[in-house]
Amino acid sequence: MRIDVISIFPGYLAPLELSLLGRAADSGLIALRIHDLRAWTHDRHRTVDDTPYGGGAGMVMKAEPWGKALDDLLTLDPAPDDRATRLIVPSPAGRPFTQADAERLSRESRLIFACGRYEGIDQRVLDHFAERVTVEEISVGDFVLSGGEAAALVIVEAIARLIPGFMGNAESLAEESHHPGCGLLESPVYTRPATWRDLEVPAVLLSGNHAKVADWRRDQARRRTAERRPDLLHPSQAVRVEDLVDGTLRDEGAAVVRMATAGDAAELLTLQRACWVQEAQLNDALSLPALVESLDDVRAGIGAWLTWVVRTDSRLVGSVRAGLRGQTWHVSRLMVAPDLHGRGIGRWLLGLAESAAPDEATRLEVFTGAASASNLRMYKRAGYRPMREPFVDAEGREDPGVVRLAKPRGLG
Ligand code: SAM
């Protein structure tokens, strides 16, 4: 692959000559040339910018030096066909750069990067060269850099490592975050020693059982993606706490919170199974009531408890229920669709159920699996403290795998 980078700060691009990229250049896999835009200026001050037409702050890069630079690169050192050349213009107003773009561009034979500075490059440069080559304006993120050089470094590095022969171990690419094949974030990684500052490597990674290791990695990848980047799982279903509206629809797309009806039962059953599968795995308990109960049980639950549901568009994405037993307001079945975890929706629903406690309630109580670390964290942050009394199931049996937590009314 042939890569040309044009910039007014060619020294900024020195890292391209280091490390693996440098070696790929030495071995001929990548032919890299860095050019100083000012070489194509002819005035005493080597001017590359001017004030913007229409007024406004900042300066704009002039069309003239860019035109000459690109003419020269395309004619003095032509690709077999201009159309085989892509002109990449880093820009915060460009299309977001993704791993799929990196893969696509790694198959190209020639890339020219035009690194802008100031307020960017005169638009006519892009329009003019779009007649000759394919022009792509690419953004490396929703933030503004001072120049296109850092963006070009990022894009070149992401592309180069995908060129066949660049990486010693190409297999490692298949399991990486954002790989188009699976689209998940990669699981955490560990190396020797097995114990470091009292922290252990997860036992499964030391087991030598490849199938179990693969299962663990897949599971971790899904969890991480659900927690950190739920948008990668369901791009159309992003819900924020600010979007939650009690009762009536405020904006289109906002989530609605209302009391559950029998008509919600089937979806509630589906959601609770999706949520409690994770609980069952964490706590090694496969017969949790939320997992095994029937549709009729769920309907009966809606009748027996105050149950709220959260809907976004037509999807049921969260629920919680509460009821008074003696002087205790019991909050339970708090659930949020796994792809929407980490947005504070669970905490918000907990607060909603707590705020509905009647005057007679003097204390609030919740329970969760002893191994459900993130639930325990959320309840503790909300002021709940573990109780000494054991949890007793519907059949009257004590269950040491479940922790009861309580707080006095009005705390947290
Ligand atoms: N006025 C421009 C705007 O608001 O869209 C911002 C210009 S920025 C200060 C200067 C140069 O930095 C751009 O021409 C572009 O080359 C580069 N740049 C800044 N942010 C970028 C981003 N997120 N992705 C790619 N390039 C970026």
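**Close-up views of a predicted model**

View 1. A residue is called buried if 20 or more other C-beta atoms lie within 10 Å of its own, exposed if 12 or fewer, and partly exposed in between, with C-beta atoms placed from the backbone. This is a predicted model, where local features need pLDDT of at least 70 and side-chain atom pairs count only at pLDDT 80 or more, while totals for chains, interfaces and linings use all residues. Residues are numbered from 1 along each chain as its sequence is written. Tyr118 sits in the loop between β6 (110–114) and α4 (123–129); helices (H or I, at least four residues) and strands (E, at least two) are DSSP runs, numbered from the N terminus. Although Tyr118 is not a glycine, its phi is positive, about 55 degrees.

**View 2. Arg46, another positive phi.** Arg46 belongs to the loop between β2 (31–36) and β3 (49–50). Its phi is near 55 degrees, a positive value in a residue other than glycine. Is Arg46 buried or partly exposed? Arg46 is partly exposed, because 14 other C-beta atoms lie within 10 Å.

**View 3. The shell around the ligand.** Here you can look for 19 residues around the ligand, of which Pro90, Gly116, Leu145, Gly148 and Ala151 come nearest. To be near, a residue needs its C-beta atom, placed from the backbone, within 6 Å of the molecule. Both β5 (85–96) and α5 (148–160) supply at least two shell residues each, and β5 has the largest share, with four. The shell holds nine nonpolar, eight polar and two charged residues. In this count Ala, Val, Leu, Ile, Met, Phe, Trp, Tyr, Cys and Pro are nonpolar, Asp, Glu, Lys and Arg are charged, and the others, Gly among them, are polar.

View 4. The 13 residues of α5 should span 18 Å at 1.5 Å a residue, which agrees with the 18 Å between its end C-alpha atoms. The expected span is 1.5 Å times one less than the number of residues. Buried residues of α5 include Gly148, Ala151, Leu153 and Ile159. In the largest nonpolar core, of 43 residues, Val5, Ile88, Phe113, Ala114, Ala152, Ile155 and Val156 touch the most other members. α5 gives the most to this core, seven residues. Such a core is a set of buried Ala, Val, Leu, Ile, Met, Phe, Trp, Tyr and Cys residues joined through C-beta atoms within 7 Å. In soluble globular proteins, nonpolar side chains tend to be buried together.

**View 5. Helix α12 and its partners.** In α12 (residues 345–355), the buried residues are Ile345, Gly346, Leu349, Leu350, Ala353 and Glu354. They pack against β12 (306–312), β13 (315–325), β14 (328–336), β15 (363–369) and α13 (373–381).

**View 6. Asp399 in strand β18.** Asp399 lies in β18, which covers residues 398–399. With 17 C-beta neighbours inside 10 Å, Asp399 counts as partly exposed. Which residues does Asp399 contact, leaving aside neighbours within four places in sequence? Asp399 is in contact with Phe391 and Asp393, where contact means C-beta atoms, placed from the backbone, within 7 Å.

View 7. The peptide bond from Arg192 to Pro193 is cis, with omega near 0 degrees. Look for Pro193 in the loop between α6 (171–174) and β8 (195–196).

Key. Contact = placed C-beta atoms within 7 Å.
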